Amino acid sequence: MALRLPEEMGGDNPGPNPEQLFAAGYAACFHGALSMLARRHLLDPEHITVEATVAFGRDPADGGYEPHADLVVSWPGVESEKAAPLLAQATALCPYAKMTRQGIPATISLAS
């Protein structure tokens, strides 16, 4: 896949870029976690949608780039009093949400 430089980093092509791919993965993972919890609570997950936005800002610590992610969940027909606790549980269950809170172990090496 040919990736493009994000606009925030001076790119002039609208995509795809790594931030869009991360946003898609994050939204899909969170959707899966919330859907599983909904079924466990005998709620219909069919109409759940998760919209993710990932963008770069400046890291005040070093002036470099820092990603920022926002998820917006829509669940028509389910009262917020029922949905809110499940969103909190999905946040604890979703590996992408955990990664954005805690970071992940990572290694970077040069192939020989």
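Tutor: Leu5 lies in the segment before α1, where helices (H or I, at least four residues) and strands (E, at least two) are DSSP runs numbered from the N terminus. Residues are counted from 1 along each chain as its sequence is written, and the model is a predicted one, in which local features need pLDDT of at least 70 and side-chain atom pairs count only at pLDDT 80 or more, while totals for chains, interfaces and linings use all residues. Side-chain values are based on heavy atoms, with hydrogens and water left out.

Leu5 is partly exposed, at a relative accessible area of 44%; on this scale buried means under 20%, exposed means over 50%, and partly exposed is what lies in between, with a 1.4 Å probe and protein chains only. Its C-alpha atom is 17 Å from that of Ala24, a residue 19 places away along the chain.

Leaving aside neighbours within four places in sequence, Glu19 is in contact with Pro6, Val54 and Phe56, contact being heavy atoms within 4.5 Å. Glu19 and Phe56 are 37 residues apart along the chain, yet a C-alpha separation of 8.3 Å is found between them. With a relative accessibility of 10%, Glu19 counts as buried.

Further along, helix α1 spans residues 18-40, and the loop between this helix and β1 holds Leu42. Although Leu42 is not a glycine, its phi is positive, at about 60°, and this residue is exposed, with a relative accessible area of 79%.

Ala90, in helix α2, is buried with a relative accessible area of 0%, and, residues up to four places away in sequence not being counted, Ala90 touches Phe30, Ala33, Leu34 and Leu37. The pair Ala90 and His31 is 59 residues apart in sequence, while the two C-alpha atoms are 8.5 Å apart in space. Met99 sits in helix α3, residues 95-102, and is partly exposed at 23% relative accessible area. With residues up to four places away again set aside, Met99 touches Phe22 and Ile104, and its C-alpha atom is 9.9 Å from that of Tyr26, which is 73 residues away along the chain.

Now for the setting of these residues. The protein has three helices and two strands, which follow one another from the N terminus as α-β-β-α-α. Its average pLDDT, the predictor's confidence in each residue from 0 to 100, is 91, and 96% of the residues reach at least 70. Confidence is lowest in strand β1 (residues 49-58), with a mean of 90, and highest in helix α2 (residues 80-93), with 96.

As to overall dimensions, the radius of gyration is 17 Å, whereas a compact globule of 112 residues would have one near 13 Å; this radius is taken over C-alpha atoms, and the globule rule is 2.2 Å times the number of residues to the power 0.38. The C-alpha trace spans about 50 × 30 × 30 Å along its principal axes. Of the 112 residues, 27% count as buried, and of the contacts between residues at least 6 apart in sequence, 49% join residues at least 24 apart. The accessible surface, computed by the Shrake-Rupley method with a 1.4 Å probe, comes to about 7700 Å², with 57% of that belonging to carbon and sulfur atoms.
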